[in-house]
Amino acid sequence: MASLGVAALACAPATAQSPQLQTFAPQQLKTGAEIYARNCSPCHGARMLDPQGASDLRKFPRGERERFINSVTRGKNQMPPWGGLLKPEEVEALWAYVVAGEKS
Amino acid sequence: MKFIASAAAVLLLSSTAVTPQTLDDLKNDGKNADNILTYGMGYHQQRYSPLNQIDKNTVRRLVPVWNLSLDNNWGEQAQPIVYNGVMYVTNARATVAIDVASGKQIWKQTLEWPPETPRVVCCGVSNKGAAIYNGKVYRTTLDAHVVAYDAKTGKEIWKSKAAEWKDGFSLTVAPLVANGVLITGISGAEFGVRGFIDGWDPETGKQLWRHYTIPARGEKGNETWPQDGNAWQIGGGSAWITGSYDPELDLMYWGIGNPAPWASQSRPGDNLYTSSVLAMRPKTGEVVWYYQFTPNDAYDYDACWELILAELNVGGKPRKVAMQLNRNGFLYVLDRTNGALISAKAYEKMNWASHVDMKTGRPVETDIAKSIREAKATEHWPSTRGAKNWEHAAFNPQTGLLYANTLHEGRMYKHLETKPHVVGQRYMYIENLPLPRAAGEPVGHIEAIDPLTAQKKWRVPLMDFQIWSAMLATGGGLLFTGKETGEFIALDADTGRQLWQFQTGSGINAMPVTFTQNGRQYVTVLSGVGGLYWNIAREQLKDKVPPGGSVWTFALMPN
């Protein structure tokens with residue numbers, strides 16, 4: 001919890017910025033991509049390309065980091081909570097990946 | 001067991017009314033049309049009923065007689081069980097007993113499982129149905145338990161843990177009662193479990209045996225796995241569809257699921273007994289024979305679903321066969337006494353194999369398969385979802401034909417680099433992207449198929465959505481099935497022409513059944529979107545098809 005709080009605080013200014021200005025460490029993006037490929041892609045689609053029934057993460061509002069973190073951690077609709085499996089920094093890495101991991 | 005004293009005989013007689021059905025009843029399921037006691041409407045899982053009150057002419061008078069809400073948004077896939085005027089229905093959240101005459105709920109038992117459980121459920125939070133034996137109703141739970149309820153009151157009698165859900169195990173399969181043993185499978189191959197089939201004491205819930213679908217080191221079959229490392233311990237092999245059973249041979253036939261991970265490079269070898277059928281003794285779990293459909297399966301060609309048992313005329317001789325419309329695109333006919341291959345013909349478009357070698361029983365893989373195994377993105381037919389998925393086919397012994405809802409789908413498929421297994425997490429390592437669909441290309445078919453030639457007697461193309469409901473064939477010359485868009489439909493089994501439909505309150509991906517009560521024929525189906533196809537089609541359907549489970553029962557309106 002403490003680390004989440006600090007991370008949230010540290011990121012708070014970034015959420016107010018436009019997506020183009022958000023930068024993430026390459027290692028964080030790599031971690032996020034790995035977690036995504038293993039745990040998220042079965043429903044949200046490989047590289048977010050084929051979301052099918054689950055929400056299209058390419059359209060997730062870039063300013064709503066907190067909602068993303070909450071949904072992943074606590075679950076949302078048919079998505080189960082992941083907070084017991086993923087550490088807060090891993091959920092942060094997922095956010096980084098969703099925002100910036102598949103830019104072409 | 002003969003009673004001599006007349007008092008005892010009277011006692012026996014008077015107790016028959018309340019005495020729960022016996023093993024003989026289970027064996028004879030299908031002969032007493034008032035009851036549906038087994039998964040597949042008979043141990044042979046033909047999903048055929050000789051009932052003919054509802055036929056091609058009278059079906060126009062088929063109307064709903066009752067509807068019961070199941071108060072569940074997760075999806076309905078179960079096959080109802082009917083005994084002595086009471087229907088038993090399950091979903092992931094509850095078990096419900098219903099009076100079949102009035103549609104009124106008699107009892108309901110809800111289940112609690114941790115909200116995290118769906119993390120280890122690959123393909124829909126659902127349940128395929130109950131089993132009934134000796135006054136008890138049995139079911140499996142999402143968090144991998146097996147439960148027995150008193151059939152009359154719904155009171156829980158025992159609950160046994162099959163496995164730890166956090167390790168990737170879940171249960172959706174309907175149990176089988178065979179030769180006095182309660183038998184369940186397991187799900188979890190997408191999470192790198194080592195699959196098994198369990199035998200339980202129906203009275204106490206004590207585990208009698210466990211047979212792993214992947215042999216341990218030193219056991220026959222383990223040599224088909226890498227001999228260094230632990231690939232066999234995390235190699236998949238689920239069993240998530242109820243096995244069929246031949247009481248005369250005392251053999252049950254369980255289809256075994258895909259190996260893990262889907263990407264095959266970390267597990268060279270045939271990987272027995274994944275993507276196979278196991279013929280087993282219900283009392284002990286002993287495997288009498290096996291047949292592997294897809295050795296070293298690199299395509300998620302799960303072989304879990306129905307092995308339909310029948311007598312077929314093969315070259316002028318009656319043969320006891322087990323048939324499967326396998327996910328890999330071949331229609332297999334096996335001699336069920338010994339597992340010998342009788343026929344294996346392609347029934348859908350495929351490019352991964354050219355044919356099955358009738359000498360070895362192995363598919364002959366093509367350059368497409370080579371490309372997939374080299375981890376190149378490859379156009380792949382049929383896709384990992386198969387030429388047919390779990391939506392069970394029916395077999396009419398009068399026509400000798402299989403009736404099935406099949407899939408027509410290729411995908412751009414690619415193996416990814418495999419990472420170490422993490423207990424309780426996905427273990428697949430593939431990319432599976434849609435192909436552009438050619439104009440006029442169907443997404444699936446409803447079809448009548450000759451088991452030995454795989455020739456189609458007729459084939460109805462589906463242009464909008466696939467059908468993921470089981471088929472029911474009747475002596476009235478009808479087929480019943482349901483659409484994802486909610487229509488429950490009746491087709492002419494001779495032509496595939498649709499004769500009747502009724503719009504239910506949600507989408508259908510369940511298993512219709514038919515039975516009688518006081519001489520009147522009823523048809524029942526569960527409505528309620530959920531399951532794998534809802535995951536796939538939800539984006540296109542979410543604004544048109546609301547979730548919400550319910551039971552619909554139909555009968556003919558009096559003249």
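Biologist: Which residues of H3(A) meet which residues of H4(A)?

Modeller: Two residues are in contact if their C-beta atoms, placed from the backbone, lie within 7 Å. In this predicted model, Arg65(A), Phe68(A), Ile69(A), Val72(A) and Thr73(A) of H3(A) meet Val91(A), Leu94(A), Trp95(A) and Val98(A) of H4(A). The residues of this contact divide into 7 nonpolar, 1 polar and 1 charged. Here Ala, Val, Leu, Ile, Met, Phe, Trp, Tyr, Cys and Pro count as nonpolar, Asp, Glu, Lys and Arg as charged, and the others, Gly among them, as polar.

Biologist: At what angle do H3 and H4 of chain A pack, and how far apart are their axes?

Modeller: Two packed helices are described by the angle between their axes and the distance between the axes. Helix H3 (residues 65-74) and helix H4 (residues 88-100) of chain A pack at about 125°, with axes 10 Å apart. That makes H3(A) oblique to H4(A); angles under 35 degrees count as roughly parallel, over 145 as roughly antiparallel, 65 to 115 as roughly perpendicular and the rest as oblique.

Biologist: Good. Over in chain B, what is the strand order of the open sheet?

Modeller: Strands of a sheet pair through backbone hydrogen bonds, either parallel or antiparallel. This open sheet of 3 strands has the order E25-E28-E29 in chain B, with antiparallel pairing; strands pair if DSSP finds at least two bridges between them. Strands E25 (378-380) and E29 of chain B stand at the edges, each with a single partner strand, so one side of each lacks a neighbour in the sheet. Between E28 (residues 411-415) and E29 of chain B there are 5 bridges, and Tyr413(B) has Asn432(B) in E29(B) as its bridge partner.

Biologist: What part of chain B touches chain A?

Modeller: Strand E29 (430-434) and helix H4 (531-541) of chain B each supply at least two residues of that side. H4(B) gives the most, with 5 residues. Altogether, 19 residues of chain B are in contact with 15 residues of chain A.

Biologist: How many residues of H4(B) are buried?

Modeller: A residue is buried if 20 or more other C-beta atoms, placed from the backbone, lie within 10 Å of its own. In H4(B), 9 of the 11 residues are buried, so this helix is largely enclosed by the rest of the structure. Among them are Tyr533(B), Trp534(B) and Arg538(B). Their cover includes helix H2 (26-44) of chain A.

Biologist: How should I read the labels and the confidence limits?

Modeller: Residues are numbered from 1 along each chain as its sequence is written, with chains lettered from A and ligands numbered from 1 in the order in which they are written. Local features need pLDDT of at least 70 and side-chain atom pairs count only at pLDDT 80 or more, while totals for chains, interfaces and linings use all residues.

Conventions: Helices (H or I, at least four residues) and strands (E, at least two) are DSSP runs, numbered from the N terminus. Axes are lines fitted to C-alpha atoms, for helices over the stretch in contact, and angles run from 0 to 180 degrees between N-to-C directions. A residue is buried if 20 or more other C-beta atoms lie within 10 Å of its own, exposed if 12 or fewer, and partly exposed in between; C-beta atoms are placed from the backbone.
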